[in-house]
Structure formats: structure tokens, C-alpha cells
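Here are my notes on this model. Please read them with the structure open.

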Amino acid sequence: MTWTTQPRSKFGQLNAIVSGTGKQLVLIHGVGLRAEAWSEQTSELSKLHKTVAIDIPGHGECSIPTDDFSLKDYAELISAAITTPSIIVGHSFGAMIALELAFRHSRKVKSVIALNAIFKRDEIAKKAVKNRFNTLSKQSNSDPSSTLNRWFSPEEKKARKVCKDWLSSTDPRGYYNAYKVFSSEDGPNENDLNKLHCPSLFITGSREPNSTPEMTKNMSKLTHTGKMEIIDDAAHMLPMTHAKHLNKTFKKFTMDNA
């Protein structure tokens, strides 16, 4: 898979890569990325589902202005585009949005999968993410090297290069606005997780330094039907680096919760 640019369809006010038929599966990427980050999933899962990989506002082909956006605003735009109950999958900041959809728009969410989600950062992590935000500019993109070092192991060269290109060419204003929300939020609160009744699955990598295995375990324990998986020897970019494993997990989860 080369993660080459693919044509978009309209999805409400958003743009999305849409393929397949069947139960709808909506995929939400993280900060600085684009719908193509899900290419390994859409090519495989569209055999079973209608897959809708969106560009979040301010990213990819979606130029909706996001100044002063909150987490709620990102979720509201996606919710407005969903006209049939769907399986919602989010990665990183996308996981934050996916869970917000499950909490606030439960009638539109059949089940939710949260990849590399954060939950109650410790003080060191809070300081680190704030410091990273403080280096950003709305006018130009920062050197993505430190981000890529957190996301990938040295041998994951192809995926790393693709992400470097995306991070270097993304709209800096859209990136700044999304990262502002991501850095100021601390993940779902316990009350919302306690009230989450739809099937849910929380996944992260064993080498993930920020969306840690402990966070994933704690979130799943607080839900009524939540399950969890820690993928061995994986870091942040699971949809790209561990696609075969992830696709197998997605298929089983969606079949079990049809």
C-alpha cells in the first residue's frame, strides 16, 4: 500500500474517501494526517462495509475554518453528516472525537473503536504536550522529526516518509487549531465512560509513550461492555504499521457486534 491520494466524495459538509456497501463504518484520523491514513483499512474493510474515511476539518481536502473550534465542534460536524447508525473508529485525536460522538450522539453510534486514545495524562505528559503546542505556528509547519520519532520505529521507513510528507504539507492553521484542542483535552471523563452502553473497543501499542497501555486498560474497565487490546511491539501509527493485525481485529469486532 502506497497511501496515494484518492478521490473524495461529499459527506455532509465534509470530504471523505467512500467505498463499499453494507453497514457504515466511519474512520476519523488524527492531527496532521488525512483520510489516506486509513487506506489499508478501507481497501480491506470495504469488502464487508461501506467505509467512510473522512478528512477532519482543516485537514486533507477539508478546508472548513476551525478557528476557536472545540472538541464538540469537530464532533458536531461529523454527527451532522451521519444519517444512519454507524460503527465509529477514531485514531489519536480522532479517537477523542469518536468517543465524543458516542457520548453525545449515541443514536448515531452502533459501536465505537478508539485507537491510541489518551486518558488522564500524568503531569509530565501534560507538560510535554503543552510544550509541543507552544512551538506551533498558524503560518508554517514545524519540523516533524520529533513527532515521527514518537510514532515510528526506525525500520518503519515507508510509513514514516508518507507521514513526514503529510505533516510537512498540511494546512498549518488547521493543524494548530486541532492540536490546541488535543493538547487542552485530557480524554473522556469517568462518568461518560460509565454511561457508555454501546459496544466499545480500546486499542493501543505496547511501545506507545503517550496513549499508553495503562490508559487503554483503564478506559475499557470503566465502560459496561468495553474490550481492550494491546498490540505487541507497536507504537502510535497502528493503522499504517500494523494494518493486517488491526484489520483482523476490526472484522471480528464488527461481526460480533453486527
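1. Helices (H or I, at least four residues) and strands (E, at least two) are DSSP runs, numbered from the N terminus. On that numbering, T170 sits in the loop between α6 and α7 (172-184). Keep in mind that this is a predicted model.

2. Overall fold. The chain has 11 helices and eight strands. Its radius of gyration is 17 Å, close to the 18 Å that the globule rule gives for 258 residues, so the chain is as compact as a globular protein of that length. Along the principal axes, the C-alpha atoms fill a box of roughly 45 × 40 × 40 Å.

3. Burial and contacts. Of the 258 residues in the chain, 55% are buried. Take the contacts between residues at least 6 apart in sequence: 76% of them join residues at least 24 apart. The accessible surface comes to about 11,500 Å². Carbon and sulfur atoms account for 49% of that surface.

4. Charges. The chain carries 35 positive and 27 negative charges. Their mean positions are 3 Å apart. Side chains of opposite charge can pair when their charged atoms come close. With a cut-off of 4 Å between a side-chain nitrogen of Lys or Arg and a carboxyl oxygen of Asp or Glu, the count comes to 15 salt bridges.

5. R8 and D55. These two form a salt bridge, with the closest N and O atoms 2.8 Å apart. The pair links distant parts of the chain, 47 residues apart. R8 belongs to the segment before β1 (9-11), while D55 lies in the loop between β4 (50-54) and α2 (71-81). Is D55 buried or exposed? D55 has 0% relative accessibility, so it counts as buried.

6. K120 and E190. Their side chains meet in a salt bridge at 2.4 Å, N to O. K120 lies in the loop between β6 (109-115) and α4 (123-134), and E190 in helix α8 (residues 190-194), so the pair ties together parts that are 70 residues apart in sequence. K120 is partly exposed at 46% relative accessibility. E190 is also partly exposed, at 34%.

7. K161 and D165. Here the closest N and O atoms of the salt bridge are 3.2 Å apart. Both residues belong to helix α6 (residues 157-169); they are four residues apart, so about one helical turn separates them. K161 is exposed, with a relative accessible area of 53%. D165 is partly exposed, at 39%. Elsewhere, salt bridges that share partners join R8, R34, E36, D55 and E61 into one network.

8. P57. This residue is found in the loop between β4 and α2. Its relative accessibility is 0%, so P57 counts as buried. Leaving out residues up to four places away in sequence, P57 touches L14, C62, I64, T66, F69, Y74 and L77. For a sense of distance, P57 and S146 are 24 Å apart in space, C-alpha to C-alpha. In sequence, P57 and S146 are 89 residues apart.

Conventions
Residues numbered from 1 in each chain as written. Predicted model: local features only at pLDDT ≥ 70, side-chain atom pairs only at ≥ 80, totals over all residues. Heavy atoms only, no water. Rg over C-alpha atoms; globule rule 2.2 N^0.38 Å. Buried < 20%, exposed > 50% of the residue type's maximum accessible area, 1.4 Å probe, protein only. Contact = heavy atoms within 4.5 Å. Areas by Shrake-Rupley, 256 points an atom, 1.4 Å probe, with all protein chains shown as cover. Lys, Arg positive; Asp, Glu negative; His and termini not counted. Charge placed at Lys NZ, Arg CZ, Asp CG, Glu CD.
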